[in-house]
Amino acid sequence: MCFILHSAAVRQGIVDTVKRALGDPKVKSVVICGQNGIFCGGADIKEFGTNMSGPPLVPMIHAIEAANKPVVAAIEGSALGGGLELALGCHYRIAHSKARLGLPEVSLGLLPAAGGTQRLPRLIGVPAALDLITTGRHVAAAEALQLGVVDRVAEHSTVDAAVKFALSVAAKPLDARRISTYPCPCPSDFDALFEGAMQKVRQNARGAIAPVACVQAVRAAATRPYLQGMEREKELMATLFTSGQARALQYCFFAQRAVSKWSMPNGARWDTSKPRPVHKAAVIGLGTMGRGIAVALAQTGLSVVAVETQEKQLMEAKQAVSGMLERGAKRRGLTPAALHKISYSHDIQAVADVDLVIEAVFEDMALKKKVFQQLSAVCKPGTFLCTNTSALDVDHLASQTRNPELVVGMHFFAPAHVMKLLEVVYGPQSSPQAVATAMQLGKKMGKVGVAVGNCRGFVGNRMLKPYIEQAFFLLEEGATPELVDRALEEFGFPMGVFRMSDLSGLDVGWRVRKGDGLVESGLASGQPTRLREGRRYSPLGDLLCEQGRFGQKTGRGWYQYDQPGSRVARSDPWFHSFLEEYRARHGLVARRIDHQEVLERCLYALINEGFRILEDGIAAGPEDIDIIYVFGYGWPRHRGGPMFYAGMVGLARVLERLEHYHQAHPDVPYLQPCSLLRRLVASGSPPVHRWREVIKKLHSQL
Ligand SMILES: CCCCCCCCCCCCC[C@H](O)CC(=O)SCCNC(=O)CCNC(=O)[C@H](O)C(C)(C)COP(=O)(O)OP(=O)(O)OC[C@H]1O[C@@H](n2cnc3c(N)ncnc32)[C@H](O)[C@@H]1OP(=O)(O)O
């Protein structure tokens with residue numbers, strides 16, 4: 001018999017068919033398999049928010065385990081969440097060698113509540129079960145066999161192998177095959193093990209509650225009889241099930257899939273735009289970003305031409321890229337086949353026959369323009385020309401080429417071979433095919449691509465500007481880098497804004513501000529002003545740069561470091577007295593600032609810019625912004641992304657706080673609530689999935 005488990009109807013089907021099979025004397029054993037090569041992806045997450053009907057999962061799995069005929073799970077494709085829990089209720093599990101198994105509920109803000117937390121530790125031991133349940137990681141069939149999750153691995157037809165096996169065990173006793181009856185192997189270092197596990201999840205979870213509940217549930221398996229453990233599992237699940245974190249994480253699951261279904265304001269869409277295959281790609285410029293992009297391209301199996309005009313830089317890059325590929329292959333237990341996929345050249349002519357080029361030279365418009373002019377002349381007709389700029393005008397670069405429709409931005413995040421986010425930036429002339437090709441290439445590279453319109457900083461960096469600006473203002477008003485960072489890290493960011501600024505280098509923003517004509521030399525004039533064209537401006541970052549304090553790389557920034565390049569940020573008494581002198585010089589009186597103000601000022605200013613981005617049509621929907629922030633900027637996933645978070649806080653509340661802060665700081669335009677936010681509040685603050693309707697209406701009225 002073949003089944004899929006997903007919704008109420010599927011569960012009803014399983015209950016009825018298993019019952020029939022068990023009651024039929026002609027049936028000696030039962031095989032449960034999936035449909036279309038997938039065993040089961042677990043419970044239907046969409047059902048969670050509704051009145052769940054149909055037979056519940058737990059009694060269904062109990063009935064299967066209690067059956068007096070052998071039940072074998074034939075696992076092809078995926079057995080995830082409730083799917084694996086169903087398989088654990090079967091008496092035997094046979095998996096195809098390409099199958100993947102796991103209990104990913106934790107990543108949805110839940111725990112495996114159909115007996116997963118109670119059966120898995122009984123089957124494979126507490127440490128391995130803790131690892132799988134608290135991380136939610138998927139394991140391949142070979143690892144599942146090694147761990148003891150499955151009994152056999154099949155190379156060919158799993159169903160055939162399972163049927164054959166089921167017949168061979170038809171007469172065998174089943175008592176020793178019911179996992180719920182197993183004692184949970186109790187490690188001798190029990191307390192240390194659970195304390196260690198709890199400490200680890202608390203450290204990694206950044207405030208997420210599900211991993212903690214997972215540890216508590218597994219602990220119950222190790223300390224209580226099975227049925228009592230099941231009670232604890234249910235109790236813990238009940239707390240998680242209705243939590244805001246579960247809502248946020250499940251929103252992220254669907255948002256991640258929604259962004260792949262991109263659309264452009266001109267009506268072009270993912271399902272009507274055909275990508276062109278890319279067999280050979282090139283990277284121009286082998287600094288940090290170019291090297292990471294070359295590695296990520298080669299790891300997808302593409303032929304890559306890596307171009308760097310500076311001979312010394314080329315040699316260094318070659319060595320660095322080879323090292324990155326070797327280490328990557330070692331981590332995955334593979335030979336570094338990708339090493340042979342890259343050829344190096346200092347001559348741009350080497351890219352003549354590639355299908356797609358990614359330019360990653362220094363962030364300087366004049367230089368990039370020159371590269372695009374050269375590429376347009378050198379490349380074969382039809383080659384897509386992409387720029388990895390993080391903020392510069394993609395249209396302007398496109399205008400340097402003969403075929404602007406072939407130009408898009410591919411904005412990777414550092415380190416480019418690790419970070420999952422890719423902003424694919426289209427301009428008014430970019431063809432849908434160019435966008436589709438960049439999105440598809442990103443997917444092949446393991447990236448989460450988000451298609452966005454062209455504007456200064458695109459989506460991610462554009463929203464970062466008001467966030468950083470507020471952090472600077474807070475220092476002027478009485479906060480310290482430590483206080484601001486602590487508030488943001490307690491919120492769930494892996495690093496606060498100042499530690500992040502020290503890591504990425506203060507000189508990056510300084511260069512941009514200089515280019516914008518914002519920087520006055522404080523050292524020369526003695527007192528740089530704090531206004532630029534009527535808008536409040538903080539020269540604090542510029543003043544640190546003038547002192548050569550560029551962050552970690554110079555050993556000094558907002559914090560101090562033991563030596564240049566060291567990562568441990570320590571509070572810097574020099575900076576604190578510098579700040580006091582600065583305030584005194586400008587007649588600023590420090591006041592007490594609390595975490596709430598830090599969060600409201602920094603996050604609501606960022607969110608307000610997000611609304612402006614939606615209003616401007618730069619992002620198609622709130623999901624695009626949220627995925628960019630979760631995958632590229634360390635926004636805590638269990639808070640769903642900035643736009644989702646605004647909905648959770650309440651749009652009226654966000655509006656009211658922005659109005660309050662704008663009244664107090666009328667010279668800060670970023671704090672002025674934007675019209676889309678006002679419009680949404682006036683429309684009764686609809687849930688985030690309904691914002692597109694309001695945006696559409698707004699656009700149609702413009
Ligand atoms: C007070 C109240 C107390 C209440 C107590 C309540 C107790 C309730 C008891 C519940 C028992 C718990 C049961 C169990 O423990 C819980 C679960 O099983 S949660 C689900 C766990 N499973 C997952 O997390 C898997 C998620 N899916 C995937 O990883 C992948 O989709 C896949 C299965 C590996 C397939 O990958 P791909 O082939 O790449 O395909 P896509 O990812 O693009 O997906 C295609 C399509 O399907 C949609 N989808 C996928 N999985 C689910 C799902 N589990 N539910 C709903 N929809 C799903 C996905 O969104 C795509 O949709 P599309 O974009 O095409 O519209």
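Biologist: How many bridges join β2 to β4 in this one?
Modeller: Four, in this predicted model. Strand β2 covers residues 71–75, strand β4 covers residues 92–96, and they run parallel.

Biologist: Which residue stands opposite alanine 95 of β4?
Modeller: That's isoleucine 75.

Biologist: And what's the strand order in the sheet they belong to?
Modeller: The order is β1-β2-β4-β7, an open sheet of four strands with parallel pairing. The edge strands are β1 (30–33) and β7 (152–154), and each pairs on one side only. From one strand to the next, the twist averages 25°.

Biologist: Switching to the ligand. Which residues come nearest?
Modeller: Gly41, Gly42, Ala43, Gly81 and Gly82, out of 26 residues around the ligand.

Biologist: Which element gives the largest share of that shell?
Modeller: Helix α11, with three residues. Elements supplying at least two residues each include α2 (45–48), β3 (78–80), α4 (82–89) and α12 (244–258).

Biologist: How does the shell divide into nonpolar, polar and charged?
Modeller: There are 14 nonpolar residues, seven polar and five charged.

Biologist: OK, zooming out. What are the domains?
Modeller: The assignment gives domain 1 (8–242), domain 2 (280–458), domain 3 (479–585) and domain 4 (595–701). Between the centres of domain 1 and domain 2, taken over C-alpha atoms, there are 43 Å.

Biologist: There's an eight-stranded sheet too. Is its pairing parallel, antiparallel or mixed?
Modeller: Mixed, in an open sheet ordered β10-β9-β8-β11-β12-β13-β14-β15.

Biologist: Why is one side of β10 and of β15 left without a neighbour there?
Modeller: Because β10 (342–345) and β15 (448–453) stand at the edges, each with a single partner strand.

Biologist: What about β8 and β11?
Modeller: Strand β8 (residues 280–284) runs parallel to β11 (residues 356–359), and four bridges join them.

Biologist: Which strands does helix α13 touch?
Modeller: Helix α13 (residues 288–299) packs on the sheet against β8, β9 (303–307), β10, β11 and β13 (407–412), and its direction makes about 170° with that of β8. Helix α15 (residues 365–378) also packs on the sheet, touching β8, β11 and β12 (384–387), at about 165° to the direction of β11.

Methods:
Residues are numbered from 1 along each chain as its sequence is written. This is a predicted model: local features need pLDDT of at least 70, side-chain atom pairs count only at pLDDT 80 or more; totals for chains, interfaces and linings use all residues. Two strands pair if DSSP finds at least two bridges between them. Axes are lines fitted to C-alpha atoms, for helices over the stretch in contact, and angles run from 0 to 180 degrees between N-to-C directions. A residue is near a molecule or strand if its C-beta atom, placed from the backbone, lies within 6 Å of it. Ala, Val, Leu, Ile, Met, Phe, Trp, Tyr, Cys and Pro count as nonpolar, Asp, Glu, Lys and Arg as charged, and the others, Gly among them, as polar. Domain bounds come from an automatic or database domain assignment. Two residues are in contact if their C-beta atoms, placed from the backbone, lie within 7 Å.
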